Amino acid sequence: MDKKRIMIIAAIVLASVGLAAAIVFTVRHFMKDGMPEIVLTEGFDEDEIFRINTKGCSIAEARVYMSTLEDNYSDAFGSEIWTKEIGNGVTLEDEIKSTVLARLAQIKAMNLLAVSRSVELDEDELAQVKKAASQYLSGLSSNSVQIEGVDSELIEKMYSEYAVANKVYLDITRNINPEISDDEARTISVKHILFNTYTVSADGSTRQFSDAEKESIYERAEAVSEKIAAGEDFDALVEKYNEDTESTYTFGKGQMPESFETAAFNLGTDEISGIVETEYGYHIIKCISTFDREETDNNKKRILLERKKEAFNKVYDEFVETLHSDLNEELWNEVEFSSDGISGAAGFFDIYNEVFTDSQ
């Protein structure tokens, strides 16, 4: 079922640009769904890359966000990684810049939302902001401060806005019911044999088989199904015929293609399905376990998080419609990853999580 392309950007974004562990936002492209249509204007401050209503964002703020990614991946893969294409002519640098811009825009918008909801930091939280800023700045090289114009005022402002964004998220989602039944969150484990009905070309594009080709594939699946009915070992047949990169899946409701899920959830332990068709091909499914306690509990957490995201997004999306945003496209296009950026600091987000988690 591994039809999706593996993209390095996913790991980078999730590991390095997310909010605190308990808070997950939908990453939105600044110039698409997450904000109103961009209007390019003049009149920006010298170092301002965008403005949402009256709230601006400086190029130094973007470099702070980008530096965490730059240090991690340039050290591991070399500076040439930023020019590597990840599809459709888009480089890794392009994709991360878009993600950084989207996240910065969302943080600014959430701070405006916080004002409308009278959400602000208390004295203890402001003290944590100062502690995080001091810890971040203590790791910077003096060269970074001079080049980037990074100082205590800027970093304290960034940590403050980041903390406010977390707090407004919690304010919106605090009344979400955390009670989720075992039945709703039930997680099962299955093993399957997949017969693909598509091919993937070198450039990552897919081609679905013709009806005649699919008929031939279905006949292969029928032949294997007959072997199972005759008593042949399922695991051995998986090893021989499965065309998926994985053979075993543990999942809850709503996480797999509908036909696959329906067939799987109707099986008892050790029962085997007939031939099930999905967009990926033909499957023969064996149920390994009809209930996994540990995974079901984990799925409850996932469902609760999804409910919170939905509640937040409803409020956030409605608020964003009232905002106006301007992008300094010329200045933003000049920003790039390079060896001249901020160096010597621990990750901005790692420090935030450490300081604010330790205080709870």
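Buried, in this talk, means under 20% relative accessible area, exposed means over 50%, and partly exposed is in between, with a 1.4 Å probe and protein chains only. By that rule Phe 251 is buried, with a relative accessible area of 2%.

Before going on, the model is a predicted one: local features need pLDDT of at least 70, side-chain atom pairs count only at pLDDT 80 or more, and totals for chains, interfaces and linings use all residues. Residues are numbered from 1 along each chain as its sequence is written, and side-chain values use heavy atoms, with hydrogens and water left out.

First, the chain as a whole. The protein chain has 13 helices and 11 strands; these are DSSP runs, helices being H or I with at least four residues and strands E with at least two, numbered from the N terminus. Of its 360 residues, 46% are buried. A contact here means heavy atoms within 4.5 Å. Among contacts between residues at least 6 apart in sequence, 78% join residues at least 24 apart.

Now the aromatic rings. A pair of aromatic rings is described by the distance of the centres and the angle of the planes. Rings of Phe, Tyr and Trp (its six-membered ring) pair if their centres lie within 6.5 Å; planes under 30 degrees apart are stacked, over 60 edge-to-face, and the rest tilted. The whole structure holds 15 aromatic pairs. Take Tyr 159 and Tyr 352: their ring centres are 6.4 Å apart and their planes are at 10°, so this pair is stacked. Tyr 159 sits in helix α6 (residues 152-173) and Tyr 352 in helix α13 (residues 348-358), so the pair ties together parts 193 residues apart in sequence. Both tyrosines, Tyr 159 and Tyr 352, are buried.

Back to Phe 251, whose partner is Phe 265. The ring centres of Phe 251 and Phe 265 are 6.0 Å apart with planes at 70°, so that pair is edge-to-face. Phe 251 belongs to strand β8 (residues 248-251) and Phe 265 to helix α10 (residues 258-265), 14 residues apart. Phe 265 is buried too, at a relative accessible area of 14%.

There is also an aromatic cluster, and its members include Tyr 65, Tyr 136, Tyr 159 and Tyr 352.

Tyr 136 takes us to helix α4. This helix covers residues 123-138, and its 16 residues reach 23 Å from first C-alpha to last, close to the 22 Å expected at 1.5 Å a residue; the expected span is 1.5 Å times one less than the number of residues. Its buried residues are Glu 125, Gln 128, Val 129, Ala 132, Ala 133 and Tyr 136. Seen down the axis of α4, they fall within an arc of 135°, so they line one face of the helix; the arc is that of the directions from the helix axis to the C-beta atoms. On the other side of α4, Glu 123, Asp 124 and Ser 138 are exposed.

Which helix holds Glu 61? Glu 61 is in helix α2 (residues 59-77), and it is buried, with a relative accessible area of 2%. Leaving aside neighbours within four places in sequence, Glu 61 is in contact with several residues, among them Lys 108, Lys 157 and Glu 161.

Last, a loop residue. Thr 269 lies between α10 and β9 (272-278) and is partly exposed, with a relative accessible area of 43%. Thr 269 and Phe 291 are 22 residues apart in sequence and 9.2 Å apart in space, C-alpha to C-alpha.
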